[in-house]
Amino acid sequence: GVYKDQEEYTKPIEYFMKSLDIKKSLYEGINHPDIAVSSNNLADVLFDQGEWKKALFYYSKCLEIEISVYGDKNDGVAQTYNKLGTVYKNLGLPEKALENYFKSLNIFKSVYGENDPNPLIAGFYKNIGTVYKDGGHHEAALEYYFKYLEIFISVCGENHPDIANSY
């Protein structure tokens, strides 16, 4: 974590790989949550380095374990789908990005309710809007950006810096 915070990525990759290897040997043949956490941590660092395909691999492994342990209606699973969506967006695969963003959104809605003013749900709407905007689908982008704004304003108020940046 500290190396990542210092933007020194070689060491964290090495250490997260060691952590993952140790956990895999400890829990051989078992989809253990600790392996998912290590896979996620490694993917986060790879993502920060722009290593999209490698990040995709480890986020996918994390998701596989999370679903096997927690089921597919879990907020951690939703957050991993969101990370996968961002990787696919960065890889230039908007359809896959939207597929994953919508999965994350739908899971969060099923867990917390359709109208929960959760900032994470707001973020999912913003991500979906960004993919639509990038693809030239401005009406769809606006629809999701307005949903983002509505939730974010209800949670943080109208004077939050992120709200100012959204206009």
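**Helix packing and aromatic pairs**

In this predicted model, helix H5 (residues 75-90) and helix H7 (residues 119-134) have axes that come within 11 Å and cross at roughly 20 degrees. Angles under 35 degrees count as roughly parallel, and H5 and H7 are therefore roughly parallel to each other. The handedness of this H5-H7 crossing is left-handed. On the H5 side, the contact is made by Ala78, Gln79, Asn82, Thr86 and Lys89; H7 brings in Leu120, Phe124, Asn127, Thr130, Val131 and Asp134.

Helix H3 covers residues 33-48, a run of 16 residues. At 1.5 Å a residue, H3 should span 22 Å, and its end C-alpha atoms sit 23 Å apart, so the two values agree. As for what is tucked away, the buried residues of H3 are Ile35, Ala36, Ser38, Ser39, Asn40, Leu42, Ala43, Asp44, Val45 and Leu46. After H3 comes glycine 50, with a positive phi near 80 degrees.

Turning to the aromatics, the structure holds 8 aromatic pairs. One of them joins phenylalanine 47 and tryptophan 52, with ring centres 5.0 Å apart and 65 degrees between the planes, which makes the pair edge-to-face, because planes over 60 degrees apart count that way. Buried would mean under 20%. Elsewhere in the list of aromatics, Phe102, Tyr125, Tyr132 and Tyr144 come together as one aromatic cluster.

Methods. Residues are numbered from 1 along each chain as its sequence is written. This is a predicted model: local features need pLDDT of at least 70, side-chain atom pairs count only at pLDDT 80 or more; totals for chains, interfaces and linings use all residues. Side-chain values use heavy atoms; hydrogens and water are left out. Rings of Phe, Tyr and Trp (its six-membered ring) pair if their centres lie within 6.5 Å; planes under 30 degrees apart count as stacked, over 60 as edge-to-face and the rest as tilted. Helices (H or I, at least four residues) and strands (E, at least two) are DSSP runs, numbered from the N terminus. The expected span of a helix is 1.5 Å times one less than its number of residues. Buried means under 20% relative accessible area, exposed over 50%, partly exposed in between (1.4 Å probe, protein chains only). Axes are lines fitted to C-alpha atoms, for helices over the stretch in contact, and angles run from 0 to 180 degrees between N-to-C directions. Angles under 35 degrees count as roughly parallel, over 145 as roughly antiparallel, 65 to 115 as roughly perpendicular and the rest as oblique. A crossing is left-handed if the near helix is turned anticlockwise from the far one by less than a right angle, and right-handed if clockwise. Contact means heavy atoms within 4.5 Å.
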